[in-house]
Amino acid sequence: MTVSNRPWLAAYGAEIAPDLPTSEYASLAHLISRTCETHAKRRAFTCVVPNGMNGTLTYRQVGQMSDEFASFLRHHCKLAPGTRVAVQLPNGLAYPVVAFGVFKAGCVLVNTNPLYTPTEMVHQFTDSDAEVLIISDLFADKLEEVVAHTAIKQVVLAGVAEFFPRIPEAIVRGVQKFWSRALPPVPSLAVPVLRLRDALKIGRAHDNVHDWDRLRRDDLALLQYTGGTTGVAKGAMLTHGNILANLEQVKIMGGRHMSGEDCVLTALPLYHIFAFTANLMTFFDLGARNILVPSPRPVQNIQRALENYPVSWITGVNTLFNGLMNEEWFAAYPPKTLKAAIAGGTALHQAVAERWQAVTGTRVAEGYGLTETSPLVSFNPLDQPVRVGSIGVPVPGTDIALVDHNVEPVEQGKPGELLVKGPQVMLGYWNRPEDTAQTLQNGWVFTGDVAIMDEDGFLSIVDRKKDLVLVSGFNVYPNEVEDCLAKLDTVLEAAVIGVPDRTSGEAVRAYVVQNPDVPDKLSKEAVIAHCRKYLAAYKVPKSIILREELPKSPIGKILRKDLKAEARAEFAGKA
Amino acid sequence: MLTELETTLLGVMMMVIMLGMGASMTPRDFLIAFRKPKGILVGLLSQFAVMPFLGFLLAVALGLPPALVVGLLLIACMPGGTTSNIFAYFSKGVLALSIMMTTVSTLAAVVMVPVLLSFYGGLAGVSGEYAIPAGNVAQILVVLLVPTALGMFLRKLNANVGATVELIGSFMGVAVIVFLIATWVPRNYQLLLDTPAHVYAATISIGLIGMLFGYWVARGLGQDTSRSRTISLETGIQNGPLAVLVITLSFSVAMQQEVLLIPFLYSLFIVLTSTVITLWYRRNATREALARDAAKLGTAP
């Protein structure tokens with residue numbers, strides 16, 4: 001079923017080896033343990049809060065502390081290998097210590113969004129059957145509602161400034177507690193609650209046995225929850241081998257541009273698969289330094305991190321790049337040490353990519369991936385000229401196919417649903433054989449994304465299959481319309497959805513946000529006139545809605561589904 | 001009057017405050033601020049053109065004696081106080097603008113305060129023993145710039161130290177006012193009782209009128225409501241403790257008593273008036289945000 005001649009292999013050039021080497025490691029725990037020895041004295045993680053206060057852990061410290069946490073899980077909590085451990089932390093020094101400790105204990109990491117509501121938490125913890133929860137102390141007030149409904153038998157609390165030097169840590173906690181009043185008291189629960197430092201102390205008292213020696217590549221490493229089309233979050237089962245393969249793939253595509261001397265800005269949340277693999281695992285594997293930003297919103301929170309450290313790589317999504325360039329401090333003084341940026345998560349708008357290049361003098365290379373594929377599927381080779389709008393070529397070891405409704409391959413140059421096969425493909429969805437059977441067939445992942453491949457093997461995503469707007473029988477891809485809208489100076493950001501329409505079945509509706517830095521007022525008429533100039537008539541939005549902001553996911557993807565839900569409610573009311 | 005120890009303590013506190021102010025920014029913040037300098041220029045205009053003139057008008061209109069005129073003029077000519085940043089924060093104003101205005105007005109004060117003082121002092125007929133030597137003011141300000149520069153350097157050297165110093169500095173901004181009140185009021189309550197109502201009126205209204213004018217000057221020059229509120233607070237809130245320090249370092253102990261009256265009263269009342277104004281501004285800011293939300297919903301077809 002694959003694209004028979006694999007035209008993308010030619011695009012690899014001399015820089016990219018077409019064969020994916022098997023990882024030298026048997027498991028992530030193996031990799032972590034070895035890397036912490038090799039780079040012992042180097043700085044692994046630095047966490048920077050908005051006022052510039054920071055804390056750093058070296059590779060040796062990360063190795064030691066994650067050993068202690070692993071011992072805590074195995075010997076104090078008495079977890080068997082393969083037990084699920086839920087981690088609900090924003091970016092900070094606690095995250096790598098805890099996540100790596102989970103791997104070293106042979107347990108399975110369940111990444112959880114810190115902003116989840118109690119209902120969402122209960123769903124994720126019961127679905128995964130997690131037994132230990134490590135949660136940010138900022139959200140301890142949710143525990144009372146949650147823990148009783150789950151199998152959790154131990155809670156560990158970690159602070160945003162965990163492992164900072166003593167005075168800055170006390171100040172950050174003091175500010176949270178007395179100034180912003182964001183630090184709730186620890187509730188009394190039926191299960192024991194410990195602070196992370198104390199858990200490490202307990203772990204230290206036990207012998208550090210290498211429980212992970214028995215781990216193999218096809219053992220489960222993560223349950224990575226993803227919304228998917230049905231709306232109910234389900235856990236993609238990613239193995240140690242999946243992640244190991246994917247970080248090899250990232251490293252091959254990064255080639256000589258990535259090294260242990262690098263410093264990567266990690267403003268995207270680590271509980272999301274993009275930053276987890278690209279930042280946390282790949283740059284750690286290289287012996288590089290991660291600059292962790294607990295919350296990139298408002299974007300100004302990143303300012304001190306970029307000013308104080310020689311950031312050479314940035315991973316981000318369209319909204320983050322756009323947000324950075326709309327900050328004067330960034331646009332006027334972009335980081336001099338920057339080599340390149342990696343974009344993913346959602347479509348990168350042409351206008352944003354071009355402006356980024358103009359502002360920073362470096363390229364932003366777009367990649368494509370999904371939770372089910374650990375995540376990277378395709379990436380733009382860094383040594384080739386920028387192909388605007390392309391998500392690049394499949395990474396080594398990855399096969400792709402583009403198919404129509406009958407799962408027959410489409411002609412070259414025609415849009416089809418993108419299917420992916422490779423060593424980074426998940427085992428399936430946790431306890432959901434039906435969903436697995438739908439998404440995963442004969443090793444192929446059905447991505448639900450419509451893509452086109454050019455003759456050189458470069459892919460472009462046309463849109464999400466389910467986001468297509470059908471106007472009088474014509475397909476309108478929201479991405480194309482959004483891209484057109486983003487070219488208008490007065491538009492900060494835009495989202496396009498389909499709404500019911502009496503005459504055309506569906507009609508295009510655009511939500512636009514005024515760019516505050518442009519003195520001209522955004523007007524519906526100007527937007528429509530602009531679209532008429534560049535788009536076929538049926539693609540031009542029939543209604544324009546001005547908004548102050550658009551709904552976004554934790555990593556900053558614009559959530560069309562929320563706008564659709566709003567529109568559904570609105571039209572249901574009219575019917 | 002202040003004892004020598006208290007004066008020294010006041011000087012040290014001012015230095016810590018300036019150290020904190022320096023640590024709150026980087027050289028780049030300056031460069032960025034001056035790429036679009038309009039907000040700051042508007043702020044400077046209301047700080048050094050509007051306020052001193054208001055001070056002069058009040059002094060003349062109320063027919064104050066020379067000792068009080070000097071105190072009032074000095075307060076009117078002072079740069080912005082660092083406490084204004086806290087009020088800007090609570091009023092949901094533009095914090096960056098507030099910090100920059102405080103910094104820039106403090107720098108500009110080295111030249112502006114001596115010039116303005118001798119100009120308005122001359123106009124108001126203050127002379128002889130009551131005239132504050134221009135060199136004195138400039139000297140004190142220059143001395144205070146040393147910790148400011150040191151603060152910036154500390155921030156560059158170590159971000160943790162910088163941010164800690166910044167925080168201590170802003171606490172000190174409040175502490176110094178408490179210190180002044182605690183040392184001065186108990187010894188001078190008789191003086192407070194004897195002080196006529198129009199002197200109270202002058203000290204309270206200089207801050208309030210400054211805020212009023214600051215707001216409308218900013219609005220008139222095209223600043224939005226949020227920036228105008230920030231400029232308004234910045235204009236009305238002067239560096240009272242600095243005025244006290246200048247006086248204690250410029251006048252004999254015997255003369256200090258009277259000259260200090262207005263700066264002390266000002267420092268006391270500005271905390272109260274700013275709190276009220278901040279609460280009011282905060283409500284306006286919230287109301288505007290709600291109105292924007294409503295407008296959003298209104299645009300739905």
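**Ground rules.** Residues count from 1 along each chain as its sequence is written, and chains are lettered from A in the order in which they are written. Since the model is predicted, local features need pLDDT of at least 70 and side-chain atom pairs count only at pLDDT 80 or more, while totals for chains, interfaces and linings use all residues.

**Chain A.** I checked confidence first: mean pLDDT (the predictor's per-residue confidence, 0 to 100) is 91, with 98% of residues at 70 or more. Strand β24 of chain A (474–476) has the lowest mean, 79, and strand β1 of chain A (43–48) the highest, 98. Strands here are DSSP runs of E, at least two residues, and helices are runs of H or I, at least four, numbered from the N terminus.

**Chain B.** I found 12 helices and 0 strands. The radius of gyration (over C-alpha atoms) is 19 Å, close to the 19 Å from the globule rule (2.2 Å times the number of residues to the power 0.38) for 301 residues, so chain B is as compact as a globular protein of that length.

**Where they touch.** I counted 15 residues of chain B in contact (C-beta atoms, placed from the backbone, within 7 Å) with 21 of chain A. On the chain B side, α2 (27–33), α8 (159–194) and α12 (253–298) each supply at least two residues. The largest share, 6 residues, comes from α8(B).

Conventions:
Two residues are in contact if their C-beta atoms, placed from the backbone, lie within 7 Å.
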